[in-house]
Structure formats: C-alpha cells, structure tokens
Amino acid sequence: MTWVNEFLKKKNIEFKAVNHNRPKNPEELAKLRNIDFDKNTKILLFEADNETVLVLVPINKKIDSNKLKKALDADSLKFASKDTFEKIKQKAQGILPPVIEGIKKVVDESLVNGKICFSTAMDDSSGIILESKDLISVLGDCVVEDITKHDKAKKEFKKIKPANPVKDETKFSKDKFMSIKQAMDKGSGEVLIRGWVYRERKSNKFGFIIIRDSSEIIQCVFTKKDFSKNQWEKIQDLSIESSIRVKGEIKKDSRAPSGYEIHANDFEVVQTAEPFPITKDFSTEFLLDNRHLWLRSRKITAVMKIRHTVVGAIHEFFRKRGYIEFDPPIFQPAQCEGGSTLFEVKYFNEKVYLTQSWQLYAEAAVFALEKVYDMAPTFRAEKSKTSRHLSEFWMAEMEAAWMKLPEVTEVAKDEVRFIIKKVLENNQKELKILKRDIDLLKKYAKEEYPTIKYKQALKIINEKYGMNVQWGKDLRTLEEAKIADHFRVPVVVTHYPTEIMGFYKPESKENPKEALCFDMIAPEGYCEIVGGSQRSLDVKDMAKRLRKEGEDPNDYEWYFDLRRYGSVPHSGYGLGVERVIAWICGLDNIKDAIPFPRTMTRKTP
C-alpha cells in the first residue's frame, strides 16, 4: 500500500486503514467495513510503482480515464494488464474472483455512498477507505470509463513506439570481425570487434565503454582528440545496450575489467538503444517481468552456458553407454505421477494431459531397444511457489531392460558425477562469475555417493537432529537437507514406504512395506535431484493401487500389455535438469536455471 499511503499524505488527506480476513466477495468486504452496498460502482485494478492496487470507485457520470490518472497524480499509474489479473488470480483469494470476471465485463457490484476503497491486490488483508468529501478532493469531477473500453482503446489506437534506426551496412565489410575472446587470445595488435555496451563512463576527454558479446567483456577507450566532433557526439550519446562495432589496438591492462583494453581508432554505432529499464537493485519479480532483457545479464548468460554444458553432458553420457535417444508424446491420455498435478488440454473434441514423465512410454521402448534415454519438457501443475518448483521443466530420463534397483542407482550416481566433471572442464569462467565454490564441485565430481535406506534416513534425522519423523511419512525438504548435509555429498535414499509411492513402484520381496525405489538428494539445501525405481511387473497390484488413487485401470490396458508379452525386469529414473543446474551454479532460485520460467504465478514473458 506504499503508493496509496504516499499519495494520500501528499494530498493532506486523513485516512483510516481497515484490517480484515480474506472476504469471499465485495458484499462481505463492505459488511466488514460497515459500508452500504449498491450497484453503481466499478472495480478497477491499477499498477503503480511496482505494486498492484485494487480501487473501488463510485461511478456517477462518464469521464476520461486520463483525467483519473492526472487526478491520482501518478505518472506510473496504468491499468493492470490481463496477465496481472491472472497472476493475482493465482496468488490471492477472497474479493478478487469477482474482479477476475471483470476482465471481460466490469463488475458492477462494489461500494458506494461516495466512498472510494483502496486495497492491495496481492494481499487483501488490509485496505483504506475515504469519505465522500475526500473522494471529491482526490477525483474532482472525474469519473472512470469502462476498463474494457480502455483495454480495447489501448489495443486499437495506442501507437507503437518505433525503435531507433539500425545501421545494417558497415564500412568494415572488408575486414574480419572476431569475438572479444578471440581478440583477447590474440593479446596485441589491431582487432575488430562488435557487441553491446555493457557499461559506460565518459568525461570531456575520454570515453570508457565496456563492450560485451557472447564470449567476454572488454573495455574500449575512446580519446576525444582521435575523433571528429560528430563522432565524439555519437560516443557521448552511447547508452547501455547500444550496439556498436569497434576497431582498435588491444593490449593487456590489469586495471581493466577483464585484463585487456582496446584503444579505439574507429567505430560505428549500429543502434543507439533506448534507456535500458534494468539498472540495479530491482526486485526478483521485476527482473522476471523483464526476463527477455535480463537474459543479457552476466549472471543469466553464465547460467545458460552451464546449462548448455549440462544438456550436452547428458547426451554424451548415455550415448557413450549405448543408450538410444527415444522421444515420448507430449500429449498423454492419463497420469503418471499423480492426477492432482495434471495440466488438462483440449484435444480436438476430447481432453488429454501434458506429459508428467516419459516413463510409461519408455517402458514400451525397452522391450525393443533395451536401453533408452531422453531430454524432454515435463509439466506439473503443482500449486507450489517455492524456490525449487517449476510448472514446466526439463527432465533427463533413462530406462533399461534387465536392470534392477542396485544397478540403476549406480547409473544415476555416475551420470551426476559425469555432468559435474564436464562443467568443471568447460565452465570455469562462468562458475567464477557466479562465485561458485569450485573446490566443492570438484569434491562432488570425485567422491563416492552413499546409498542408505529410508529407515536409516529416519534414524539419522531423528537421532542426530532431534526430529520426530515417523515411518510412512514422505521426507520434506527440511529432512532431505539434513540427510544430505550429514554426508556432505549427494546421497541416494532407497526403499521408501510402498504406501506413499506411485503405482508402478513394486514392493520389496523382503519387506512388502518397502518399495524398490530411490531418490538422490543433493547437499547445500538443493535436496531431490533424481527420482527412480525398479518397475512393477504385477498387473493385479498396479490395478488395485490405481483404483485407490481414483484412476481407472482400463486407461492403462496398453501399459499392462507390456507385462503380458515377454516382460523382463527393468528400471529407470528421471533427473531434474533445472534442479541439477541450480545446484551446480549455486542459485538461490530454480527460476534462474531456465530461460523463461513458468510457475503457478507466471506464464509471461
């Protein structure tokens, strides 16, 4: 409510804040605030100074929304977009659902009697009410136009701001460009580079412009006496993210950001960029809103390069071991990992689901190809907003015929160590940019990973850490973190309780209460990065467990066929690519491990 408070104080208007529990509808909110309810008020949603504000305004006559903006004295004020509505729909409850419906038709139920109500849209536990005299003071003779008309007008009549012109042709067409890294490898002599302004500092006599490309950054020094008046003006106009071509002499300089410096003798500006919206000290949400631009940051660029190595390492690991890449369908008719996390999709006149895992289809493949793997997108509609969850992520999965639990866990260990070794070989620079402890990664790449049973894990966390986790409970993030920190390397936990496992994870013959399954837990709080199991061969048991989950076993007839026609023992697992990347990079949030994260509250940009 910062914007509202500051605005009202500026207007010298006394106001009262009202706290309340989440109301179910506007009528309940009105009742809580002792306000009469009527049918002549509109609910509007505004965005101002990085906060979203719900405004309930009495409508007596039509006026211009621009006048409202002027009356509210907020240059940054704008009607919230439909994406904002969707975001709020995911985050909040109570009064907001009626507002959501107002996307297409403005809600005509709200508060009247000359009162205006401000309420934070992201957390509707408090609000501000103004009396009619104050409302007049705020709005004057303004009345707000229909928000749907406003949106329509924006779409139909708002002029798109043109971009500055781009200089396509170059006077350096006969010269050979090199990357900044290639120029640094050359070390001395004349070089010709191209890139974007990363940082800039200028004086009356010098321009210090740091240029970046995909390979490195380098400082370019422009001296005023070496350029014409027109050229010097162009240098002075250079802004962050302007694109430029630079020719000059490169030399070592320990004071420069990357240890080298180019003394420019010629250049051409490809495009002068608009003022870049990202500077520093912005919130995580702001950076996610501008992810299309934040991708250019050194941090995200470093992560994406490490991601490239991780994905390549996964392919190399399995292909060297004779696995065949096998691609599953993305549209699937039934659940694999629990119906509550399914994304439903309209499929012509029927409904299907986005894949939760390739596993069921991979099991079909092993009876032909024996050893298969895949890298594919995976979708889980988990209503979780933690730093470890995504709604769309990538899974590296494997499945192998003739393989049982002890062997499949060792394959998973080998794969994780192999991935880390490849990152250490190829991404030392990126790890330093991310300030990752490289010695710790070397330890993870070298040491053996222990395997313990679920019951041993309970003993560790209960006896050493004073917890009281009973048999049959799934391990939470807190318990997983304690187990991994106990060993200080990734640890494989096997034989979880059968009762809480998926229908395809079989009982152990030694103890039917234990399932032949495993998770790999990473240290430093990153927790589960791999999950897998030996696969059940018992059609009757799987059908029984599916019914218990509320599923129709008839939907899995094709899957049961795999047990009826030449079945063999087989096992597999899935590795969460973003979780492994986040762990290797030491990221605070998994959202930075993928180019454009999708979560329950974010589907843009």
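Figure 1. Ile420 belongs to helix 14, which spans residues 405-426, in a model that is predicted. With a relative accessible area of 1%, Ile420 is buried, because the limit for that class is under 20%. Apart from residues up to four places away in sequence, Ile420 touches Leu441, Tyr444, Ala445, Tyr449, Trp583 and Ile584.

Figure 1. Ile420 belongs to helix 14 (residues 405-426), in a model that is predicted. With a relative accessible area of 1%, Ile420 is buried. Apart from residues up to four places away in sequence, Ile420 touches Leu441, Tyr444, Ala445, Tyr449, Trp583 and Ile584.

**Figure 2. Salt bridge between Arg321 and Asp414.** The closest N and O atoms of Arg321 and Asp414 are 2.9 Å apart, and the two residues form a salt bridge. Arg321 lies in the loop between helix 12 and strand 14, whereas Asp414 lies in helix 14, so the pair ties together parts that are 93 residues apart in sequence. Arg321 is partly exposed at a relative accessible area of 33%, and Asp414 is also partly exposed, at 25%.

Figure 3. Glu316 and Lys320 both lie in helix 12, four residues apart, or about one turn of the helix. They form a salt bridge whose closest N and O atoms are 2.9 Å apart. Glu316 is partly exposed, with a relative accessible area of 26%, while Lys320 counts as exposed at 61%. A salt bridge also joins Lys299 to Asp592, with the closest N and O atoms 3.1 Å apart. Lys299 lies in helix 12 (residues 298-320) and Asp592 in the segment after helix 21 (577-585), so this pair ties together parts that are 293 residues apart in sequence. Asp592 is buried at a relative accessible area of 13%, whereas Lys299 is partly exposed at 33%. The model contains 34 salt bridges. Elsewhere, Glu216, Arg298, Lys429 and Glu430 are linked in a network of salt bridges.

**Figure 4. Ring pair of Phe222 and Phe267.** The model contains 22 aromatic pairs. In the pair shown here, the ring centres of Phe222 and Phe267 lie 5.6 Å apart with the planes at 90°; the pair is therefore edge-to-face. Phe222 in strand 11 (residues 217-223) and Phe267 in strand 13 (residues 260-271) are 45 residues apart, and the pair links distant parts of the chain. Phe222 is buried, with a relative accessible area of 0%, and Phe267 counts as buried at 4%.

**Figure 5. Packing of helix 13.** Helix 13 is followed by Glu370, which has a positive phi near 70°.

**Figure 6. Nonpolar surface patch at Ile330.** Ile330, Phe331, Tyr347 and Phe348 form a nonpolar patch on the surface, and their accessible area together is about 410 Å². Ile330 is found in the loop between strand 14 (324-325) and strand 15. Its relative accessible area is 31%, and Ile330 is partly exposed.

**Figure 7. Surroundings of Lys224.** Lys224 is located in the loop between strand 11 and helix 9 (229-237). It is partly exposed, with a relative accessible area of 41%. Not counting residues up to four places away in sequence, Lys224 touches Asn204, Lys205 and Trp232. The C-alpha atoms of Lys224 and Gly207 are separated by 7.8 Å, the residues being 17 apart along the chain.

**Figure 8. Surroundings of Glu479.** Glu479 is placed in helix 18 (residues 477-487). It is buried, with a relative accessible area of 2%. Leaving aside neighbours within four places in sequence, Glu479 is in contact with Ile461, Met467, Val469 and Asp474.

Definitions and conventions:
Residues are numbered from 1 along each chain as its sequence is written. This is a predicted model: local features need pLDDT of at least 70, side-chain atom pairs count only at pLDDT 80 or more; totals for chains, interfaces and linings use all residues. Side-chain values use heavy atoms; hydrogens and water are left out. Helices (H or I, at least four residues) and strands (E, at least two) are DSSP runs, numbered from the N terminus. Buried means under 20% relative accessible area, exposed over 50%, partly exposed in between (1.4 Å probe, protein chains only). Contact means heavy atoms within 4.5 Å. Rings of Phe, Tyr and Trp (its six-membered ring) pair if their centres lie within 6.5 Å; planes under 30 degrees apart count as stacked, over 60 as edge-to-face and the rest as tilted. Patches are made of residues with over 30% relative accessible area and no salt bridge: like charges are joined within 9 Å, nonpolar side chains (Val, Leu, Ile, Met, Phe, Trp, Tyr) within 5 Å. Accessible areas come from the Shrake-Rupley method with a 1.4 Å probe; for residues, only the protein chains shown count as cover. A salt bridge is a side-chain nitrogen of Lys or Arg within 4 Å of a carboxyl oxygen of Asp or Glu.
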